[in-house]
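This report describes one protein chain in plain terms. Look at the sequence and the structure first, then read on.

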Amino acid sequence: MTTSITVIHCWSAPRSRSNHHCIYYCNPSSTALLYSFEARGNNTVALDEPLYRRWLQEKGGNFGISRPYAEALLAGEVPSEEDTGEAWRWEREKQCFNERIYHSLNTLLSRNNNGNLSVFVKHMAKFGSLFDFESNFEVDYGDSTLWKDKCVELVSKNNVKLQHCHVLLIRDPRAVLGSWMNSADVHGGNGNPHPDEIGITQLLDVYAKAVGGGHTTVVTIDSDDLAYEPSNSLQELCNSLKIDYDNSMLQWKSGMHECDGPWAKYWYHSVWESTGWDADGDNSAKKSKQSRYRTVQPSLLPALRMSHPAYTFLKTLTVSYKNRAVTAPPSGKLYEDHRNEHVFVFVGTPGQKSGQIIPREMAAISPFDSSVQGGDATWEGIRVYKGRVFHLDHHLNRLFRSAKALGFENLHSREEIVDAIFSVLAANGMRDGAHMRLTLTRGEKCTSSMNPYFNVYGTTLIILPEWKPTEGATTYDNTAGVSLITAGACRRSPPSTLDNKIHHNNMIQNILPKIQANLAGAADSIMLDLEGFVSETNATNLFMVRYDDSYSRFRSSGRKDSESKDVCAGAVLVTPTADHCLPGITRETVLILAEELELKSEVRRVSLAEFYAADEVFTTGTMGELTPVCKIDGRVIGTGKKGVVTDILQKAYKRSIETRLD
């Protein structure tokens with residue numbers, strides 16, 4: 001019969017939770033997690049930092065690292081001022097890591113337990129250099145090889161299936177450093193931590209080595225998640241480790257524990273005062289009363305700047321990050337195309353090699369950027385078809401016209417933008433069925449202000465490419481059509497207030513009507529100008545078709561393309577003037593196609609009543625191309641289905657993609 005034993009190596013930075021000033025958090029979390037697994041009873045053996053003594057031997061003198069108990073720990077003898085009854089703890093630390101593992105495995109086998117057997121080992125990330133992630137034993141030292149061989153022999157002799165898993169317990173480095181300053185009396189020195197002691201960058205190294213091993217499970221958990229939702233977090237952790245969760249993990253006895261290292265009295269006071277995780281679900285109120293607001297001293301900034309990128313990456317590996325969505329989109333799926341979860345995006349300022357192509361979850365702009373401070377940016381939506389970008393020159397021309405109208409200075413060059421576009425498309429392997437949101441902001445400010453004088457770093461370019469079909473959950477239904485409503489309170493602004501020919505990022509005038517449409521179950525809202533004439537929708541341009549020749553209404557549907565001109569001869573295409581809307585590039589393309597099809601077109605002011613009475617209505621935009629409208633404000637448009645002229649123009653537009661690419 002095979003016995004399965006899982007060795008869980010839990011790696012964390014020091015002060016993985018706040019110190020005794022904040023009991024609510026049952027801190028530090030690494031010790032609380034040690035006690036959680038110890039509470040599993042006879043099925044688990046818990047070890048407290050069995051590599052600590054060796055680390056002090058190797059690092060203490062070289063890096064000036066001091067501890068009040070260092071001399072006694074290195075000697076393995078109880079200090080004179082301590083109870084001799086605790087001598088066994090100090091003596092135990094003389095054992096190397098591999099010997100501790102051997103005794104733990106032997107203890108579990110001697111108990112004749114059934115179910116999940118485990119050894120939980122608490123490590124500091126700074127001990128990672130002493131651990132061999134290929135073998136999951138201590139790096140050769142002294143008699144460690146002898147005990148490693150004994151472990152292998154023990155496992156073989158008892159038919160044990162031994163598995164190693166690694167858990168990375170992370171915490172915001174600012175909080176780690178704040179806690180560190182409050183414990184300077186124990187750390188020694190001037191209170192400023194040496195980078196080797198903080199351990200956050202070492203956690204990244206541990207992750208790389210553990211993943212590089214290829215045969216072990218690696219789980220990342222944030223100490224904040226343990227503090228706020230201990231029950232759920234522990235269950236998720238156990239599920240990831242493929243061991244059974246036990247409610248006993250939520251509680252432990254107060255005071256010193258058998259697994260504690262002899263250094264515990266210097267560090268573990270807050271956990272000793274607790275009897276378990278606070279799982280009553282009312283942590284927010286307690287936090288507001290008991291949390292501490294700490295100043296980050298300037299001397300800590302180098303360590304913080306070094307540590308934060310590692311923490312930011314590791315946080316993306318946690319279950320809480322992956323499940324951070326608080327609601328679901330209408331389709332129920334976060335990503336209509338699963339590839340969008342891992343797309344690369346571009347963010348950068350002007351200048352050669354100043355931009356970065358990075359995974360979407362790592363992308364960020366400064367909170368001092370003008371787009372954040374005041375929506376001060378211009379943007380374009382661009383589509384990619386069959387290895388080429390549709391109307392790229394048209395979009396860039398409009399982008400630069402908008403930037404000039406907004407008074408942007410120190411802009412990206414056209415060549416830089418084109419290079420960034422094709423670089424990020426290449427990184428994603430996107431050649432078809434893709435859409436890009438390209439944003440050019442006035443750039444980062446040196447201080448919070450709406451004054452462009454403080455934009456001293458040049459424009460910021462953001463390119464967000466996604467796999468996005470022209471029809472789908474994030475676009476429109478170009479076959480059955482959509483319903484529209486008329487926006488209520490919001491009207492499209494005239495040039496005298498805000499000229500919509502500037503493709504700007506002040507989108508609230510579009511977002512509020514979209515919310516209204518969502519609540520009404522419609523695709524979009526029709527925007528009227530101040531005099532009540534139709535301008536566009538909150539997202540697209542609008543067209544209507546009027547049949548002048550009554551006979552054309554009954555011309556056989558499904559005519560071949562060669563007969564398109566005959567059908568179009570009896571129709572008039574009408575679209576509102578661009579006085580109060582953005583003259584879209586797709587709109588322009590449709591007007592050109594109409595001329596080629598000898599379809600009469602009018603660009604003029606159009607009332608809402610005319611749209612109600614139209615024989616056909618459709619919208620145009622880069623994202624969704626041409627979309628039929630079957631209802632407006634509950635009124636059926638034409639037959640309530642896609643019209644003949646709309647169908648002809650859709651097909652002509654598809655053909656134009658093959659012939660009119662820039």
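What percentage of the 662 residues of the chain count as buried? The share is 51%, where buried means under 20% relative accessible area, exposed over 50%, and partly exposed in between (1.4 Å probe, protein chains only).

This is a predicted model, in which local features need pLDDT of at least 70 and side-chain atom pairs count only at pLDDT 80 or more, while totals for chains, interfaces and linings use all residues. Residues are numbered from 1 along each chain as its sequence is written, and side-chain values use heavy atoms, with hydrogens and water left out.

The chain has 25 helices and 23 strands, taken as DSSP runs (helices: H or I, at least four residues; strands: E, at least two) and numbered from the N terminus. A contact means heavy atoms within 4.5 Å. Of the contacts between residues at least 6 apart in sequence, 75% join residues at least 24 apart.

Two nonpolar cores are listed below. Such a core is a set of buried Ala, Val, Leu, Ile, Met, Phe, Trp, Tyr and Cys residues joined through side-chain atoms within 4.5 Å.

| Core | Size | Residues included |
|---|---|---|
| Largest | 78 residues | Phe37, Ile101, Val119 and Leu241 among them |
| Second, separate | 25 residues | Val345, Val389, Leu399 and Met436 among them |

The four residues named for the largest core have the most contacts inside it. Leaving aside neighbours within four places in sequence, Leu241 touches Ile8, Phe37, Cys165, Val167 and Val219.

Leu512 lies in helix H21, residues 508–520. Leu512 is partly exposed, with a relative accessible area of 44%.
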